[in-house]
Amino acid sequence: MRSIIMTGLFLTLAACGAIGTPVVVAERTAVGEVEIVAMSANNVRAANASTYQPRTLPAIFSRTAGTAGSVRGLGAIPEAPYEPENRPGSMPTRLPPDIAPQPYRIGVGDVVVLATAESASTVEALSGLLAAQNRRQGYTVQDDGSISIPDVGRVDIGGLTLQEAEQEVFRALVDQDMVPNFSIEISDFNSKRVSLGGAVRNPRNIPITLAPLNLSEALTAAGGLTASNVEYASIRLYRDGSMYQIPLATYLETPSVQKIRLKDGDALYVDTNFDLDQAQAYFQQQITLRGLQQSARADALSQLNSEIGIRRNELSEARSNFSARVQFDAVERDYVYIAGEVGQQSRFTLPFERKASLADALFSEGGGVPNASGNIGEDYVLRGSGDGRGIRAWHLDAYNAANLVLATRFELRPNDVIFVSEKPLTALSRVIGEVAASVSILGI
């Protein structure tokens with residue numbers, strides 16, 4: 001009797017459609033005609049051809065606070081030495097170590113120009129791209145080692161040779177779709193200097209240029225010597241915390257001494273009476289001057305770092321505020337809806353600045369298709385037509401696992417509905433469970 005009643009109830013439910021499960025059918029519906037299209041490589045390309053521009057992140061996410069560079073070539077200034085010395089009967093010679101020849105490296109304060117074949121000292125010939133360059137001053141290397149080129153931006157060339165600097169500038173121009181033919185020249189040498197004082201006609205700072213600077217050239221540039229008594233005169237050289245001395249007679253008689261190569265930061269003092277105190281006072285003056293320059297540059301860099309820190313904090317706060325708005329769903333977004341026999345029926349949020357695929361939605365938010373109940377042969381993407389008169393359903397038959405590749409290529413659009421049907425046996429099992437529960441309630 002119980003089995004007869006259950007059979008009757010089952011047939012009744014089947015007749016009423018209780019065994020049926022939600023499916024996608026090509027027919028006329030309340031939202032218009034439903035057209036089912038098999039998902040193939042060609043149809044996927046056609047579906048992806050529809051116009052869609054993903055939502056973009058605010059500009060704060062692409063903005064940077066800038067980079068604080070470091071000053072090149074500015075080492076710590078050593079303390080002034082003091083070596084007590086009594087007036088000797090014959091001054092010993094202490095020569096500085098030889099300096100290995102090295103290519104000139106661009107430094108802070110140097111002025112560079114970009115020269116073309118038509119103009120050896122200006123940049124106007126670069127097809128008008130850099131016409132804003134000042135003809136007289138060129139591009140001055142700033143404290144962070146960079147120059148600022150109009151329409152290109154800041155290019156870091158401090159500490160580079162001319163050839164390396166040309167490559168760096170060329171790379172920056174190529175990034176801006178500019179490919180001019182040019183070379184870099186230095187119009188003013190300001191970064192490397194030798195100071196010279198004492199018994200010379202014109203005490204001064206002498207720049208080191210592309211050509212190495214030797215001792216005789218430095219003395220000539222200062223107008224020559226004014227010492228009248230060669231016996232008691234000497235040339236003192238202060239370098240890197242050490243003091244070297246050359247009797248003037250030795251200098252005049254020895255060509256190799258005259259060719260001693262000088263380096264950036266050297267301080268020369270021509271002493272006429274072995275008075276070390278005078279030389280030390282001069283060296284201390286040079287050290288103080290360099291210390292003030294170093295301090296000014298350090299202050300400028302500190303101010304730059306502080307400003308960049310403020311900008312970075314502002315960007316961080318703005319991005320954090322936007323993230324909070326996203327978390328509270330206060331930002332307009334595009335969604336896709338996942339229904340049917342999936343791991344979790346949910347709403348999938350389309351990402352910023354890129355397009356998501358069917359696979360992204362199924363295997364991220366949806367958790368995939370359950371093996372026990374989901375019908376992988378009945379996967380659909382439902383999309384309404386632009387005029388609102390119908391629906392197109394792209395059908396993916398994933399019983400052939402190779403077709404899952406199509407899911408990685410199919411691009412989703414806002415308000416798409418992803419639907420996965422359940423297996424027929426799953427539907428039957430659920431109906432039987434409902435019938436059994438009904439019979440149990442009836443007490444049969």
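**Aromatic contacts and charges over rings**

Arg 347 lies over the face of Tyr 335, 3.7 Å from the ring centre. The model is a predicted one. It holds four aromatic pairs, and Phe 61, Phe 322 and Phe 352 together make up one aromatic cluster.

Pair of Phe 61 and Phe 322

- The rings of Phe 61 and Phe 322 pair edge-to-face, with 5.6 Å centre to centre and 70° between the planes.
- Phe 61 belongs to the loop between helix H2 (41-48) and strand S3 (111-115), while Phe 322 sits in helix H7 (residues 276-327), so this pair ties together parts that are 261 residues apart in sequence.
- Phe 61 has a relative accessibility of 31% and therefore counts as partly exposed.
- Phe 322 counts as buried because its relative accessibility is 13%, and the cut-off for buried is under 20%.

Pair of Phe 322 and Phe 352

- The ring centres of Phe 322 and Phe 352 are 5.9 Å apart and their planes stand at 55°, so the pair is classed as tilted.
- This pair also links distant parts of the chain, 30 residues apart: Phe 322 in helix H7 and Phe 352 in the loop between strand S14 (346-349) and helix H8 (358-363).

Charges over rings

- Lys 192 is placed over the face of Tyr 104, at 4.5 Å from the ring centre.
- For Arg 347 over Tyr 335, the corresponding distance is 3.7 Å.

How values were computed: Residues are numbered from 1 along each chain as its sequence is written. This is a predicted model: local features need pLDDT of at least 70, side-chain atom pairs count only at pLDDT 80 or more; totals for chains, interfaces and linings use all residues. Side-chain values use heavy atoms; hydrogens and water are left out. Rings of Phe, Tyr and Trp (its six-membered ring) pair if their centres lie within 6.5 Å; planes under 30 degrees apart count as stacked, over 60 as edge-to-face and the rest as tilted. Helices (H or I, at least four residues) and strands (E, at least two) are DSSP runs, numbered from the N terminus. Buried means under 20% relative accessible area, exposed over 50%, partly exposed in between (1.4 Å probe, protein chains only). A charge sits over a ring if NZ of Lys or CZ of Arg is within 6 Å of the ring centre and within 35 degrees of the ring normal.
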